[in-house]
Every structure is written in structure tokens, then in C-alpha cells.
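Biologist: I'd like to learn how to read a structure like this one. Could you walk me through it, feature by feature?

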Amino acid sequence: MIRIATAATLLAVLTGCASSATDQPAGSPASQSAGLRLIATLDSPTDVTLSWSGAPADATSTVVEFATEPEGRYTILDFVDADRLTFEHPDLMPKTPFYYRVTPVLGPASAALEVKLPAATIFRTASENPAAGSPTEVAAKSVGKDGVRLTWKDNSSDEDGYLLEIRPRGSTQYRVAGFVDPDSTFTELTTLPGERDASYRIRAFHRGPSSNLAHQTTGTD
């Protein structure tokens, strides 16, 4: 599983199949604008702020990606909440072109699974999401002191991958913690302190139409 936003701290180690989708080629359907409008602003010689509008109402989050060539391979910077419309990309390499796009995330999530670590118990969802294609039979068990292994049934035939979403106890929103490839049926991660008593979901996600490409070239220090 590729962990989002906290990759420098902790990284999951196993997936139900090979994990490789950290980037997407340009020129795919996701690179065609259909409503999302993106602007990149150079705030300092090495800091860029992105802002966008026009996300579909049923988007569950937004993928922020960059490349250093317009037709290059795009690397995921983050999955951000659907109601968030800006993103800061700081401390960039000077005198380098950066190309950005944002893409809405669609698709059903499983029912929530409550997990509290450490425990040797196997946790299971108490109900199922009836939406077509949503993962079912989600279960989790502890792996070592801080690890958790999640499994689920793959009910989707055309997903772009699976997202692991976490809502720590006391928080009001789920956030994307990581993603795995299509057809995956399990993942493992080493939890952060706030994730050991939390609600987990697995989402079969699809990419919506992406934004226009926004471009900035950084300056000198």
C-alpha cells in the first residue's frame, strides 16, 4: 500500500497485489478537462499554491498530482478532502517546470470498521454497504504492537484501486491514509498514534475527469 501524506513517517508493507500506482501517464482520459478548473500560483521562487473549482458534487476526495513534463508521468502528492480547494507545494527545486492536475475521486466505500489496538481480536464490520461495487466482509486484526491487517471482498470489476480511509476517534471526517492497486483484497499498515483507536473504511475508487494542466516554473533562491 502506498501511504498518503505520512509516507516519510510510516509506510505499509504488504498489499493484496503489487502496488505501483503512484503515478499516471498524461494523455489518459483523466488528463482531459471536464469542469474542474485549476490555477497554479508561484508564491515565492520555490513555493507553489494550487487552487481549483468545479468538482462534482459526488466526489469523495480530490487527487493532487504533479509532473516536470506536460506529457510525463504524474506523481500523486495527496488525496485531499472533497471540500478542500487549495494545496501548497513548498520547497521545490529551483529553475524547474512543474505541471499540475487535480482529479475527483468517486466510488463506494465499505461500511465502517471500528478498530482499537493493541488487541489480538479479529474486528469485523457489523453491517454492509448495499451500494453496488462497495467492498464487503471487511475485517481487521492486529499485527504486532502497532500494525493492522485489513481484508475485504472485492465486488467491483472496474475500479482504479482501493483507498484506505481512517477517522480517528474524536475526529468528524475520514481521510485517505493510503491506496492499493485494483483487485487487491488486503493491506497492512503500521499505525500512527491517532490511528490505533479509529474507524476504518475501504473504498473502491474511480477517477473522474481531471482538470486542465496548470504550469509554473520555479525561480532562483
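Modeller: Of the 221 residues in the protein, 48% are buried, where buried means under 20% relative accessible area, exposed over 50%, and partly exposed in between (1.4 Å probe, protein chains only). This is a predicted model, so local features need pLDDT of at least 70 and side-chain atom pairs count only at pLDDT 80 or more, while totals for chains, interfaces and linings use all residues. Residues are numbered from 1 along each chain as its sequence is written, and side-chain values use heavy atoms, with hydrogens and water left out.

Biologist: How many helices and strands does the protein have?

Modeller: Both are DSSP runs numbered from the N terminus: helices are H or I, at least four residues, and strands are E, at least two. Here you get 0 helices and 17 strands.

Biologist: And how do I read a sheet? In what order do the strands of the open sheet come?

Modeller: Two strands pair if DSSP finds at least two bridges between them. In this model 4 strands make an open sheet, ordered 10-11-12-15, with antiparallel pairing. Strands 10 and 11 (residues 136-143) are joined by 3 bridges, and I122 has K141 as its bridge partner in strand 11.

Biologist: What about the core? Which residues touch the most other members?

Modeller: In soluble globular proteins, nonpolar side chains tend to be buried together. A nonpolar core is a set of buried Ala, Val, Leu, Ile, Met, Phe, Trp, Tyr and Cys residues joined through side-chain atoms within 4.5 Å. The largest one in this model has 20 residues, and those touching the most other members are V115, V148, L150, L164, L189 and Y200. Strand 16 gives the largest share, 4 residues. A second, separate core has 15 residues, including A40, L50, V64 and V102.

Biologist: Which residues is V115 in contact with, beyond its neighbours in sequence?

Modeller: Contact means heavy atoms within 4.5 Å. Leaving out neighbours within four places in sequence, V115 is in contact with F123, A140, V148, R196, D197, A198 and Y200.

Biologist: Last one: what should I look for in the backbone?

Modeller: Most residues other than glycine have a negative phi, and most peptide bonds are trans. In this model, the peptide bond from L117 to P118 is cis, with omega near -5°. P118 sits in the loop between strand 9 and strand 10. K95 has a positive phi, near 55°, and E137 has a positive phi of about 55°. K95 is exposed, at 64% relative accessible area, while E137 lies in strand 11.
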